[in-house]
Amino acid sequence: MFKTKLHFKKIYNIALYLFAIVGVIFIGVYFAMKWGLLNVKGSASERNSYFFNSKKGFLSNRANATNDLTINCQVNVLGKYAPLTAINIYKSISNGTNKDVLVHMIKVASVRFKDDKNYMKEIDGCYTKTGEMIDLPMSAYHWADTDEWRLMREVFSRDQEIIKKAAEDAGIPPRIILGGVIGEQFRFFSNRRESFKGYFEPLKILASLSNTSFGIAGLKPKTVQTIENNLKDPNSPFYLGPDMEHVADYVGGVGTDEARLSRITDTKNPYYSYLYVGLFMRQVQEQWQKAGYHIGNRPDVLATLYNLGFYYSIPKDEPKSGGSTITINGVDYVFGDIAYEFYYSGELSDIFPIVVE
């Protein structure tokens, strides 16, 4: 009996000591946490506090700066340090991601470089001394920085299947066709800024020209008729061969001026506008090919001739870009140069690839 009591007393003492030790540990942890002795360098909370609570760096005093050019400048800086991440953010910009989300994407990506003085200096260089953003271009091309181009890009993306079908039927790359259409749209919008802002941009539609040239591609009915005649005439230098003779046939017989006008002014289905631009350029290309000159890799020359007309298509050595002068974003372009820059700009290349012949 005496031994049993001693045994229980021993167990009791051990338990008491254990509880005492655990209590001391908990008290020690409590004070260690309170005094920050257990903080881990670079923890998630510390990283987040840099962006949301820091008193230094661009992300504190620029927190509300969400201007397009500011964001673009920041992504340009990030691209020097983390190019793959910058590409992903650029894709998000192209997809219309909310500006606040873009700002956070840049903030999160920048955490790795928060202690890099050069990085922070360049980021801060996106602003003036007064805290305003620096007016930096978003593109290497003046026309690509315009609202007009953003509208065209949206419409071309929306109508990509129609454009691709017209290009396939004409036997010419879609990007070549777009070079001609873009020039006509810029020529129209550059002289009608108020109409663009008040009508075309809100409705997300291209301009349909009228008067002497018609539709989104500025085609003349006489030019359309010439294109159709060239398809049928084996003796024409623009003849594309028997396989192409019926590509623009009319249901029920020969086309009339009224039918041609209806085709190229149809705003609901612009297929024929794109088709006739493609056929014109393909026929001109064929004419030059027969004369011993290859201009299939010259989008500037093809667009220039499209702007000027069949009469000016005279095969020769070293053809040059030209055509009507169009002022875009304060810069003068000739028609062919717009097509050339677009072709090699990379704009919409995921939809309409660059084809090298």
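Colleague: Why is phenylalanine 200 called buried?

Modeller: Its relative accessible area is 10%, and buried means under 20%, exposed over 50% and partly exposed in between, with a 1.4 Å probe and protein chains only. So phenylalanine 200 counts as buried. Bear in mind that this is a predicted model, where local features need pLDDT of at least 70, side-chain atom pairs count only at pLDDT 80 or more, and totals for chains, interfaces and linings use all residues. Residues are numbered from 1 along each chain as its sequence is written, and side-chain values use heavy atoms, leaving out hydrogens and water.

Colleague: And what makes tyrosine 199 partly exposed?

Modeller: Tyrosine 199 comes out at 45% relative accessibility, so it gets the in-between label.

Colleague: Why is the pair of phenylalanine 189 and phenylalanine 200 called edge-to-face?

Modeller: Rings of Phe, Tyr and Trp (its six-membered ring) pair if their centres lie within 6.5 Å; planes under 30 degrees apart are stacked, over 60 edge-to-face, the rest tilted. Here the centres are 5.5 Å apart and the planes are at 65°, so edge-to-face it is. Phenylalanine 189 is buried too. Tyrosine 199 also pairs edge-to-face with phenylalanine 200, at 5.0 Å centre to centre and 85° between the planes.

Colleague: What makes arginine 175 sit over the ring of phenylalanine 342?

Modeller: The rule wants NZ of Lys or CZ of Arg within 6 Å of the ring centre and within 35 degrees of the ring normal. The charged end of arginine 175 is 4.4 Å from that centre. Arginine 175 also lies over the face of tyrosine 343, at 5.7 Å from the ring centre.
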